[in-house]
Amino acid sequence: MTGTTVAQAVAELAALEDPKMREANEKHGDDHGVNLGKLRALAKQLKTQQELARELWATDDTAARLLAILICRPRAFERDELDTMLRETRAPKVHDWLVNYVVKKNPHAEELRLAWSADPDPVVASAGWALTSERVVKKPEGLDLAGLLDVVEAEMKDAPDRLQWAMNHCLAQIGIRHTEHRARAIDIGERLEVLKDYPTPPNCTSPFAPVWIAEMVRRQHEG
């Protein structure tokens, strides 16, 4: 389906719209009603089309932006372009996919991580923390893990939801991946009690950092 116009792609998305799914998604701040499995199937048909991805993004429609993320070339975006895209993103799902599927694969990821982490906008800062969690797991060399724990300890309790979630994720990953910081990470989690009472479905791991760390460490030892 190369050569597809933005109007054709938007029409395809409109045909996939499900009012019940929109109602469920809107409870999480995501204003679209497209099944993500069907969205991925459409992206697979379209294949990589960077120009179409840019045009879909420009529509400001949430489903179109999710599709844009799936068909773009992550490495083709400039730093300032990604910064603008993140700042104009409203829907949490678009924000998460943009960071995880595009920014993490872009050569400017580290530069953006540093800039976003220090940003006064908590949603932008949450993207910086998400990129920091990625480095904690995959490339911790050069990171000040003790310093990150200092910031989490001082700021996570009162941080807005999205930023708090991202900081908590970083806290858990430090505890899971770095044995020398594990006791302190667990202690911070226990004292701050962030997400302690988060409703967790059966067979899912709680996002409460001490429980999350203990469970993942147990699995590592069993594995």
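Modeller: A search of the whole structure turns up 0 disulfides. Keep in mind that this is a predicted model. A disulfide is a covalent bond between the sulfur atoms of two cysteines. The search counts a pair when the two sulfur atoms lie within 2.5 Å.

Cys170 has 0% relative accessibility, so Cys170 counts as buried, because the cut-off for buried is under 20%. Cys204 has 45% relative accessibility. That value falls between the cut-offs of 20% and 50%, so Cys204 counts as partly exposed.

Stay with helix 11, which covers residues 161-177. Asn168 has its place in this helix. Asn168 has a relative accessible area of 1%, which means that Asn168 is buried. What is Asn168 in contact with, leaving aside its neighbours within four places in sequence? The partners are Met156, Val194, Leu195, Pro207, Ala209 and Trp212.

Helix 11 also meets helix 10. The buried residues of helix 10 pack against helix 11, and against helix 9 (122-138) and helix 12 (179-192) as well. Helix 10 itself runs over residues 145-155. Its buried residues are Leu145, Gly147, Leu148, Leu149 and Val152. Here a general rule is handy. An α-helix has 3.6 residues a turn, so residues three or four places apart point the same way.

Next, step back to the whole chain. The protein chain has 13 helices and 0 strands.

How is the chain folded up? With 223 residues, a compact globule would have a radius of gyration near 17 Å. The protein chain has 19 Å, which agrees. The C-alpha trace spans about 55 × 40 × 35 Å along its principal axes. Of the 223 residues, 45% count as buried.

The accessible surface of the protein chain is about 11700 Å². Carbon and sulfur atoms account for 52% of that surface. As for charge, the chain carries 30 positive and 36 negative side chains. The centres of these two sets are 6 Å apart.

To return to your request: the search finds 0 disulfides, Cys170 is buried, and Cys204 is partly exposed.

Conventions. Residues are numbered from 1 along each chain as its sequence is written. This is a predicted model: local features need pLDDT of at least 70, side-chain atom pairs count only at pLDDT 80 or more; totals for chains, interfaces and linings use all residues. Side-chain values use heavy atoms; hydrogens and water are left out. Helices (H or I, at least four residues) and strands (E, at least two) are DSSP runs, numbered from the N terminus. The radius of gyration is taken over C-alpha atoms; the globule rule is 2.2 Å times the number of residues to the power 0.38. Buried means under 20% relative accessible area, exposed over 50%, partly exposed in between (1.4 Å probe, protein chains only). Accessible areas come from the Shrake-Rupley method with a 1.4 Å probe; for residues, only the protein chains shown count as cover. Lys and Arg count as positive and Asp and Glu as negative; His and the chain ends are not counted. The place of a charge is taken as NZ of Lys, CZ of Arg, CG of Asp or CD of Glu. Contact means heavy atoms within 4.5 Å.
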